[in-house]
Amino acid sequence: MNYSTFYKNLFSRIFCTQEISEHPLVVSALKKMEGIPVSIINAREDLPPEYRNQRTLFIQKPKGNIVGRCPGSRGHLCCNYLTINAYEGCTLGCTYCIMKSYLNFSPITVNIDIEKSVEQVLKIRENNPGQIIRIGTGETGDSLLYDPLFDLSRQYVEAFSGIPEIYFELKTKTDFIDHLVGIKNKGNAVIGFSLNPDRLALEEEKFAAPPAARFAAAEKAINSGYKIAFHFDPIIRCKDWREGYSRVLDAMEVFPEGKIAWISLGTFRYPPVLKDKMGKRWYLYDEFVPCRDGKFRYLQKIRTGMYGMVKNRLKKMFPKVPVYLCMESPAVWQKVFGKNPGKINDLCVIFKPVGYHFENS
Ligand code: SF4
């Protein structure tokens, strides 16, 4: 894969703030995109309106914190995942992408603030002695889509590699992992792959790597010393969902249990504002109910049936791997697992709240 050509086809204009323009990672990224016009500006507000779209790449040292908490959902159990918003925006084009509902500054934004964000994560660890901290860059965009350009993940993997409590996750629908293979000390770095059946991936995840390529990347990640994770999110109720997801589960059987850090499950859900931006996708014509967080989900009976099928099979294949539900109600947890995560041995560690507070500066 020629990354340089790939990115040159993706972007037609680059804006970069003055204060970060000499950073070695920026200099190296711009070199790989030679030929694309670059403008140096003072702040994101200076970006001309006609360039506020996904053909524009915007590089900045962010003003506020990029370390935060996964927003969770009112009335639903949260897995206490922490986030580093290194990349904001994504061009993989998933039809269901939740970011359409909240990212209104549309250039693809790269936030370079490694030292401060690492320092903040280390502070969190210091304030929560002995606690497992799961943190990742996949909340506001794909962790690896633009990473061969900027190499941000390497900085974080290396910075956290000596700390056994920190599980740093790169979540992706690409197979862009070659640039991470040679990192010497990986610590507990995890590369997480989102999964869906072939047909769904082809039709609803237009520019993402085909599932077979994601599996091949997962194998490569393991062979080079990473742990991996899998995310079934969103699980979509297509006509043959049972067969489709069974085939994905079949393909997972080859992976060694000891190398899988966790697996998450979440059925398709949407806030009303997202529905307006999704057009007429066939899966929106299913039956949904409004939930306490304002999002619409499949009926509880449907959700528990789908979760049950996937979870039972996973637990049979990988009894020791933590499998958890993403943003689900206590009632659904009860029906799928028979108890809440706080009472499940391998999950209570993950679901224990991590405490922190930063001034936003
Ligand atoms: S990969 Fe994730 S962030 Fe990118 S379009 Fe798909 S759902 Fe959105």
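## Strand β10

Both faces of β10 are covered. Val190, Gly192 and Ser194 are buried on one side. Ile191 and Phe193 are buried on the other. The model is a predicted one. In a regular strand, side chains alternate between the two faces of the sheet. β10 spans residues 190-194, and five of its five residues are buried.

## Partners of β10

Strand β9, residues 166-172, runs parallel to β10, with four bridges between them. Lysine 171 has glycine 192 of β10 as its bridge partner. Gly192 is also one of the buried residues of β10.

Strand β11 covers residues 227-235 and is parallel to β10. Five bridges join the two strands. Here phenylalanine 193 stands opposite phenylalanine 230 of β11. Phe193 is buried, on the face of β10 that also holds Ile191.

The peptide bond leading from aspartate 233 to proline 234 is cis. Its omega is near 5°.

Two non-glycine residues with positive phi deserve a look. Aspartate 151 has a phi of about 60°. This residue sits in the loop between α4 (147-150) and α5 (152-160). Is aspartate 151 buried or exposed? Its relative accessibility is 18%, so it counts as buried; the cut-off for buried is under 20%.

Methionine 327 is not a glycine either, and its phi is positive, near 50°. Its loop lies between β16 (323-325) and α12 (330-337). Methionine 327 has a relative accessible area of 12% and is therefore buried, again by the cut-off of under 20%.

## The three-stranded sheet

β13, β15 and β14 form an open sheet of three strands, in the order β13-β15-β14. The pairing is antiparallel.

Three bridges link β14 to strand β15, residues 296-298, in the antiparallel sense. Proline 290 stands opposite phenylalanine 296 in β15. Helix α11, residues 300-317, packs on this sheet. The helix touches β14 and β15. The direction of α11 makes about 60° with that of β15.

Terms used:
Residues numbered from 1 in each chain as written. Predicted model: local features only at pLDDT ≥ 70, side-chain atom pairs only at ≥ 80, totals over all residues. Heavy atoms only, no water. Buried < 20%, exposed > 50% of the residue type's maximum accessible area, 1.4 Å probe, protein only. Pairing = 2+ DSSP bridges. Contact = heavy atoms within 4.5 Å. Axes fitted to C-alpha atoms, helices over the stretch in contact; angles between N-to-C directions.
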